[in-house]
Amino acid sequence: MDEIEIFTDGACRGNPGLGGWGALIRRNGEESSLWGGERETTNNRMEMEAAIRGLESIIESSTITITTDSNYLKDGITQWLEGWKKKGWKTAAKKPVKNQDLWMRLDELSQFHNVNWKWVKGHSGHRENEIADLLANKGIDEL
C-alpha cells in the first residue's frame, strides 16, 4: 500500500476576508501540490478546505497522515466531532457547530480513508508546513 502524507495550511487576509488553502502531497517519495482560494471566508474554513481537497485527491481508499498547524482542525476531527454528531451538531453550549458543512465532508472522507492526524507548530521552519503556507498564499494571490 502506498504511503501517503498530506501537509496542509490555510491563510486569510482579513478574517473573514480573502482566503487560500494549500496542500503538499507526498506519495512514495514524490511530491505534488494543490491550492485554491475563496473571496469571503475565514482562516478556519481554509484550514479545513486544505485537508478536504487533499483527501479528495486520493482516489483509492488509503492510509494517510495529515499534518496541520491548526489545532482547530486536528482537535475538531479527533476530539470534538463525535460529540457534535451525538448532540445533533450542537456544541457543549448548545449552539450550532460552526463550519458544519466542512466537518461533515471531512467526516465522510475520514470514513473512506484511514486518516492519522498530526499537529506541527506553524511558521517554525518545518519544510512541508512552510510549503503548504506558500501554497495557501498562492491561492489568495491568484484570486
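Contact here means heavy atoms within 4.5 Å, and helices (H or I, at least four residues) and strands (E, at least two) are DSSP runs, numbered from the N terminus. With that in hand, helix α4 has a cover over its buried residues that includes β1, β2 and β3. This is a predicted model, so local features need pLDDT of at least 70 and side-chain atom pairs count only at pLDDT 80 or more, while totals for chains, interfaces and linings use all residues. Residues are numbered from 1 along each chain as its sequence is written, and side-chain values use heavy atoms, with hydrogens and water left out.

Let's start with the sheet. Five strands make up an open, mixed sheet, ordered β3-β2-β1-β4-β5; two strands count as paired if DSSP finds at least two bridges between them. At the edges sit β3 (30-41) and β5 (114-119), each pairing on one side only. On average, neighbouring strands are turned by 20° against each other, direction ignored.

Now zoom in on β2. Residues 17-27 form this strand, which pairs antiparallel with β1 (residues 4-14) over eleven bridges. A hairpin of two residues links β1 to β2. Nine of the eleven residues of β2 are buried, so the strand is largely enclosed by the rest of the structure; buried means under 20% relative accessible area, exposed over 50%, and partly exposed in between (1.4 Å probe, protein chains only).

Back to α4. This helix, residues 127-141, lies across β1, β2 and β3 at about 140° to β2. Axes are lines fitted to C-alpha atoms, for helices over the stretch in contact, and angles run from 0 to 180 degrees between N-to-C directions. Its buried residues are E128, N129, A132, D133, L135, A136, G139 and I140. Seen down the axis of α4, these buried residues fall within an arc of 160°, so they line one face of the helix; the arc is that of the directions from the helix axis to the C-beta atoms. An α-helix has 3.6 residues a turn, so residues three or four places apart point the same way. On the face turned away from the buried side, α4 carries the exposed residues L134 and D141.
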